[in-house]
Amino acid sequence: MSNRLGDGLVVPVTLPGVIAFLLLLGICYQAHELGHHFFGGLVCGRLGTVTLSTYESADGCRRLPDVLTELFGPFVSLIIAYAAALRLRSRPGLLAFGFVFASYFHLRFIPPLMGGGDELDVVRKLGFGNLHLTVAIILFLLALPPLAIAWRSLAAPGRWWTFALIYVLPLPFLWYVDALAALVSGSKAVFPALASITLLRIPVTLLVVDVVMIVGFLLLSGVILSRESAR
Ligand SMILES: [Zn+2]
C-alpha cells in the first residue's frame with residue numbers, strides 16, 4: 001500500500017491495500033459509533049443502543065448529555081485525523097497516512113449539505129436552525145490541516161491521483177454502511193437470534209464484525225508492510 005521513497009511516500013495501489021484501507025475505515029467508523037455509545041453511557045447514566053452505523057442515547061437522557069453524546073462521535077473522528085496527521089508529520093508512514101483518510105473526517109462536510117450528520121443535528125438541537133452550508137464549510141475547513149500534511153507526505157510522482165483516489169475511497173462504504181448495518185444487527189439481520197444478544201448493549205453480531213475487521217486489517221497490513229520492506 002505504501003512505501004517511503006526518497007522525499008515522500010509512494011502508495012502502490014493494490015487489491016490487498018484497498019481492502020486493508022476499507023477495513024481500517026470500518027474500524028474508524030465503529031470507533032465513532034462506539035464513542036457515541038460509551039460517552040452516552042457515561043453522561044446519560046446508562047447505555048443506549050448502537051449498530052454498525054447508528055447509535056441512540058438511552059431513553060430519558062437529558063438534553064445537554066444527549067447533545068454532548070452526539071458531538072462525541074465527530075470528536076473521535078477529528079482526534080483520529082489530527083493524531084494521524086501529527087504522527088505523519090513527525091514520522092511519515094503507511095499507517096498514519098491511512099488513518100488520516102480512514103477517519104473519514106475529511107468527508108464529514110457532505111452529510112450537512114444533504115441535511116444530515118451529527119454536527120448539523122447538534123446545531124439544530126441548540127436552536128440555531130438549519131445552517132447546512134455554514135456547518136459544511138466549517139467541517140471542510142477543519143479537515144484541511146490533516147489533508148495538507150497527508151498531501152505533503154506524498155512523493156511528487158503520482159501525488160495527484162493517489163491523493164484523489166484515497167480522498168474518495170471511503171465514499172462507497174459510507175454510501176452502503178446503513179445497508180450493511182441492517183444485515184449485521186438491523187431489520188435484515190443475517191443471524192437475528194444472535195443479533196438480539198448484547199454485551200454492554202452492543203449486539204454480539206456487531207462485536208464479531210468488529211473483531212473480524214480488526215484481525216483482517218492486522219493480518220493484511222502485516223503482509224503488505226513485510227512485502228514493501230522486502231523490496
Ligand atoms: Zn455519529
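Visitor: What counts as a helix here, and in which helix is the place of Leu-95?
Guide: A helix is a DSSP run of H or I, at least four residues, numbered from the N terminus. This model is predicted. Leu-95 falls within residues 94–102. That stretch is helix H3.

Visitor: Is Leu-95 buried, exposed or partly exposed?
Guide: A buried residue needs 20 or more other C-beta atoms within 10 Å, and an exposed one has 12 or fewer. Leu-95 has 16. The count lies in between, so Leu-95 is partly exposed.

Visitor: What separates the C-alpha atoms of Leu-95 and Ala-84?
Guide: Along the chain, the two residues are 11 residues apart.

Visitor: At what angle do helix H1 and helix H2 pack?
Guide: H1 covers residues 15–44, and H2 covers residues 63–90. Their axes are 8 Å apart. The crossing is right-handed. The angle is about 145°.

Visitor: How do the residues of the contact of H1 with H2 divide?
Guide: H1 brings residues including Cys-28, Phe-39 and Val-43. H2 brings Leu-68, Phe-72 and Ile-80, among others. The contact residues divide into 10 nonpolar, 7 polar and 1 charged.

Visitor: Which residues of helix H5 are buried?
Guide: H5 runs over residues 118–125. What covers its buried residues includes H2, helix H4 (110–113) and helix H6 (132–142). The buried residues are Asp-118, Glu-119 and Leu-120.

Visitor: Which residue just after H5 takes a positive phi?
Guide: The phi there is about 90°. The residue is Gly-127.

Key: Residues are numbered from 1 along each chain as its sequence is written. This is a predicted model: local features need pLDDT of at least 70, side-chain atom pairs count only at pLDDT 80 or more; totals for chains, interfaces and linings use all residues. Helices (H or I, at least four residues) and strands (E, at least two) are DSSP runs, numbered from the N terminus. Axes are lines fitted to C-alpha atoms, for helices over the stretch in contact, and angles run from 0 to 180 degrees between N-to-C directions. A crossing is left-handed if the near helix is turned anticlockwise from the far one by less than a right angle, and right-handed if clockwise. Two residues are in contact if their C-beta atoms, placed from the backbone, lie within 7 Å. Ala, Val, Leu, Ile, Met, Phe, Trp, Tyr, Cys and Pro count as nonpolar, Asp, Glu, Lys and Arg as charged, and the others, Gly among them, as polar.
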